[in-house]
Each structure stands twice: as structure tokens, then as C-alpha cells.
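Q: Hi! I'd like a close look at a single part of this model, and a connected walk through what surrounds it.

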Amino acid sequence: MTEVPPKDSFSPVSAVEVADYFGDASVVNEYAEAALWIGLWRSEKAIFQRIFAPHMRLLEVGCGAGRISIGLWKLGYRHLEGIDVCAPMAHKAAELAQSLGIPDTEARFAHADATDLKEFAQNSFDGAIFGFNGLMQIPGRARRRKAMAQIRNVVAPEGVFVFTTHDRANPFYAEFWKAETAKWDKGEQDPVLTDFGDRWYDSPLGHVFMHVPSREEILEDLAQTGWAHVADHARCELADEPSEVRAFSDECRFWVARNG
């Protein structure tokens with residue numbers, strides 16, 4: 001794993017650093033293994049099949065190595081487009097799809113930034129997905145809102161957007177957020193973090209950024225970017241995930257929003 005130099009008070013977490021983390025070969029390989037051996041979570045399968053019909057044109061934002069799109073293709077979806085801000089991830093997704101015999105006319109993958117989707121025409125898709133808490137790995141609330149607005153622009157009226165986030169109200173982390181609140185109240189938070197809920201932490205594969213929102217924050221972001229909130233569910237409410245999924249991803253919240 002590439003070493004990341006110590007951060008200083010004049011260097012907030014940047015989108016470039018996030019992309020560099022996900023471009024590392026070890027991270028790409030972990031996501032590729034998840035695409036092949038974990039596939040769709042039970043919760044994802046339940047909510048996607050309930051909301052999206054197989055004939056729909058779907059955009060997967062932050063596709064990683066293709067885990068969700070490949071899983072949807074296996075369920076009979078044939079109009080899939082996956083994009084990722086990290087070029088090595090998008091390339092790996094295309095490589096895996098080809099190895100599985102998936103035609104690129106049915107599932108395509110490309111390098112693109114969620115905050116700038118100018119390559120797609122307005123109303124290009126019937127729905128969009130931003131899975132595995134990827135939206136929350138965009139540093140800065142303004143940039144996250146920009147991504148939400150860009151996604152809305154390429155989704156047709158009445159189209160649905162499904163995404164996941166971690167949940168700051170998760171009781172398992174109550175003591176952590178209590179301590180964080182005290183730090184921010186005193187101005188003693190990590191100076192590279194710009195919004196309360198930001199985390200910059202060490203994973204087994206390197207330094208990684210994640211924003212952990214409150215429910216109220218996401219409702220505000222949806223309203224600000226023109227999305228109508230339809231529903232939100234904790235993952236555990238949707239399905240009892242097997243141990244490999246729980247090891248791959250902590251508990252999260254699914255959000256469903258409608259365009260218009």
C-alpha cells in the first residue's frame with residue numbers, strides 16, 4: 001500500500017486523496033474479490049428488485065469493481081452503466097464483466113466523476129444507485145450535494161435514486177460520537193476534517209475518508225438538491241445478512257428518493 005504522508009492543519013481531505021486510496025492495487029483487488037465472491041447483499045437484492053424493473057436504464061455511481069452491476073446483470077438487468085471516479089476500479093469492473101461473458105452493450109463501465117456528469121444527457125436513466133456508502137466518501141458537503149444534483153439531472157422525472165450511508169445514530173457508536181462532539185465543541189477536532197461527521201482513519205489497506213451523517217442531514221441534502229424522500233431503512237430491517245457481508249461492510253442505512 002502506498003504510504004500517505006502525515007496530514008497537516010492546512011490540508012483538508014481532498015477528492016484526489018480518496019481516489020488515490022481506491023486506485024491502489026490492493027484495494028482494487030479486494031473490491032474485485034467482493035464482486036466475485038460476495039455479490040449483491042440480500043438487502044440490496046430486496047430493495048433493487050422491489051424498485052427497479054429489469055427493462056430500466058440504470059446508472060450505478062461509484063461502481064467500484066462492478067459488484068452491484070454484475071449482480072444485477074445476473075438477475076436479468078440488461079441496461080446498466082457503471083461509473084467510478086477511480087479509473088483502475090472502473091477498468092477492473094469492465095475486465096471482470098468481460099471475463100464473465102457480460103456484453104458491454106448490457107453492462108458498461110467507465111471512469112467518471114459523480115460531481116460532473118456532463119458526458120450523460122439529461123434524463124438518460126430511469127434510476128440510479130450509489131451503493132456501499134460511496135456518496136459519503138466524497139469530501140465536503142457541497143461536493144456531495146453537487147453529486148446528488150448531477151445524478152438528478154441525468155435521471156428521468158419520477159426516476160428513483162437508491163443510495164446508502166452509515167448512520168450517526170447507530171447506538172453501537174454512541175460513545176465515539178459523544179467524544180467527537182466534545183472535541184468539536186472545544187475546537188480540538190482533527191484539523192483536516194471540515195464537517196462534523198467526517199472521519200479520516202486507518203484501515204488495513206491504508207488511510208480512508210468517510211462522512212457519517214445524521215438522518216436530518218440527509219433529508220436536508222435531498223430537499224436542497226431536488227430529490228423527494230420516499231423511504232429509508234436500516235440494512236438490518238431489510239435482511240439478515242450473512243457473516244461475509246457483515247465483515248465486508250458495517251451496518252448502514254438505505255435511502256430511496258424520487259426525482260420530482
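How do the residues of the lining of the second largest pocket divide into nonpolar, polar and charged?

A: Happy to take you through it. This is a predicted model, in which local features need pLDDT of at least 70 and side-chain atom pairs count only at pLDDT 80 or more, while totals for chains, interfaces and linings use all residues. Residues are numbered from 1 along each chain as its sequence is written, and side-chain values use heavy atoms, with hydrogens and water left out.

The lining of the second largest pocket divides into 21 nonpolar, 7 polar and 5 charged residues. Here Ala, Val, Leu, Ile, Met, Phe, Trp, Tyr, Cys and Pro count as nonpolar, Asp, Glu, Lys and Arg as charged, and the others, Gly among them, as polar. A pocket is an open set of points on a 1 Å grid over the protein atoms alone, where a 1.4 Å probe fits, with protein on both sides within 12 Å along at least five of seven lines; lining residues have an atom within 4 Å of a point. The volume of this one is about 460 Å³, taken as the space filled by probe spheres set on the points, which are joined across faces, edges and corners.

Its lining holds 33 residues, and Gly-62, Asp-84, Phe-130, Gly-134 and Gln-137 lie nearest the centre. At least two lining residues each come from H1, H2, strand E1 (58-61), helix H4 (67-74) and strand E2 (80-84); these are DSSP runs numbered from the N terminus, helices being H or I with at least four residues and strands E with at least two. H1 gives the largest share, 4 residues.

Now back to Gln-137, one of the residues nearest the centre of the second largest pocket. Gln-137 sits in the loop between strand E4 (125-130) and helix H6 (141-154) and, at 11% relative accessibility, counts as buried. Beyond its neighbours within four places in sequence, Gln-137 is in contact (heavy atoms within 4.5 Å) with Val-18, Phe-22, Val-208, Phe-209 and Met-210.

Asn-133 is buried, with a relative accessible area of 1%. Not counting residues up to four places away in sequence, Asn-133 touches Thr-164, Thr-165, His-166, Met-210, Ser-249 and Cys-252. A polar atom of its side chain is 3.3 Å from the backbone nitrogen of Thr-165.

Two of those partners lead on to the largest pocket: His-166 and Met-210 are among the lining residues nearest its centre. About 650 Å³ of space lies in that pocket, and its lining of 27 residues divides into 15 nonpolar, 6 polar and 6 charged.

Note on methods
Buried means under 20% relative accessible area, exposed over 50%, partly exposed in between (1.4 Å probe, protein chains only). A polar contact is a pair of N or O atoms within 3.5 Å; within protein, one must be able to donate a hydrogen and the other to accept it, and residues adjacent in sequence count only if both atoms are side-chain atoms.
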